[in-house]
Amino acid sequence: MDLLKKKIREEGVVLSDSVLKVDSFLNHGVDPQLMDAIGEEFAGRYGDESITKVLTIESSGIAPGLMAALKLGVPMIFARKRQSLTQSEGLITSKVYSFTKKEENTISVSGKYIHEGDRVLIIDDFLANGQAAWGLIDLAEKAGAEVAGVGIVIEKSFQDGGGNLRQKGYRVDSLAEIESLEAGRIKFKEDKAAEANLS
Ligand code: G4P
């Protein structure tokens, strides 16, 4: 997705060989026009998949998840990382370990909003080691729903989350795939093909 890649190139800050900061448009500030285009892109890719719900996780999954849901014409549900004061009955939970933060979170959704008969599109901002995606898949499947695919805004393909999900047969659609962040440079996966074409 060219608009997204342009934004990453212009505003992304490489913090280390493995971490990209995109606070200006995705993880803190949120660019509504970009989110609109992202929602449109996911809806285009999953429009024929009979999606009934979009499932994401707080907090940075909510903006792209909501726009995808809007464009698909279905409700969005976000998994919580902390239990809500008003939610206790019928909770479905899963444990998610964050390699980045070195902590385990119990994530949850209410069985009231996702259940058997649902065909779910999972959306998240980043795909790194895949822990959040597996947690969301676990929640959806525990609820009796079917997972149609996982839609990711930025996949870091040098980490193994995407590979593992695809190997297990899940459809994964990433709108920008980063192959490397080495030497402070953002290298997209397609860059390789582009370089090959030039030579
Ligand atoms: P995983 O789910 O793929 O295994 O990722 P990991 O545990 O390593 O990531 C934990 C958190 O860090 C997630 O956000 C994830 O989106 C984010 N993250 C991972 N790699 C990067 C990166 O290179 N850049 C940025 N900006 N974020 C990254 P979170 O803690 O759930 O945060 P939020 O959704 O509340 O904002």
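1. Helices are DSSP runs of H or I with at least four residues, strands are E runs of at least two, and both are numbered from the N terminus. Val13 lies in strand β1, residues 13-14. The model is predicted: local features need pLDDT of at least 70, side-chain atom pairs count only at pLDDT 80 or more, and totals for chains, interfaces and linings use all residues. Residues are numbered from 1 along each chain as its sequence is written, and side-chain values use heavy atoms, with hydrogens and water left out.

2. Burial comes next. Buried means under 20% relative accessible area, exposed means over 50%, and partly exposed is in between (1.4 Å probe, protein chains only). Val13 counts as partly exposed because its relative accessibility is 42%.

3. Val13 also belongs to a surface patch. Together with Leu15 and Val19 it forms a nonpolar patch with about 230 Å² of accessible area. Patch residues have over 30% relative accessible area and no salt bridge; like charges are joined within 9 Å, and nonpolar side chains (Val, Leu, Ile, Met, Phe, Trp, Tyr) within 5 Å. A salt bridge is a side-chain nitrogen of Lys or Arg within 4 Å of a carboxyl oxygen of Asp or Glu. Areas come from the Shrake-Rupley method with a 1.4 Å probe, and for residues only the protein chains shown count as cover.

4. Which residues does the UniProt annotation "binding site" cover? The unreviewed entry gives Leu20, Asn27 and Lys156. The lining of the largest pocket includes Leu20, Asn27 and Lys156. UniProt positions follow the numbering used here, feature names are shortened, and annotations may be inferred rather than shown by experiment. On a 1 Å grid over the protein atoms alone, a pocket is an open set of points with protein on both sides within 12 Å along at least five of seven lines; lining residues have an atom within 4 Å of a point.

5. Is Leu20 buried or exposed? Leu20 is buried, because its relative accessibility is 5%. It sits in strand β2, residues 20-21. Contact means heavy atoms within 4.5 Å. Beyond four places in sequence, the contacts of Leu20 include Val13, Phe126 and Ile186.

6. Asn27 is in helix α2, residues 23-27. It is partly exposed, at 28% relative accessibility. Not counting residues up to four places away in sequence, Asn27 touches Val22, Ser60, Asp125 and Phe126.

7. A cis peptide bond joins Glu58 and Ser59, with omega about -5 degrees. Ser59 is in the loop between β3 (53-57) and α4 (62-72). Ser50 is a residue other than glycine with positive phi, near 50 degrees. Ser50 is exposed at 52%. Lys102, also not glycine, has phi near 55 degrees, and it lies in the loop between β5 (91-98) and β6 (103-110).

8. Which residues of α4 are buried? They are Pro64, Gly65, Met67, Ala68, Ala69 and Leu72. Their cover includes α3, β3, β4 (76-79), β7 (119-127) and β8 (146-156). Gly73 follows α4, and its phi is positive, near 75 degrees.

9. Glu141 lies in helix α5, residues 131-142. Its relative accessible area is 41%, so Glu141 is partly exposed. Leaving aside neighbours within four places in sequence, Glu141 is in contact with Val147 and Tyr170. Glu141 and Ile51 are 90 residues apart in sequence and 15 Å apart in space, C-alpha to C-alpha.

Terms used: On a 1 Å grid over the protein atoms alone, a cavity is a set of points where a 1.4 Å probe fits but cannot get out, and a pocket is an open set with protein on both sides within 12 Å along at least five of seven lines; lining residues have an atom within 4 Å of a point.
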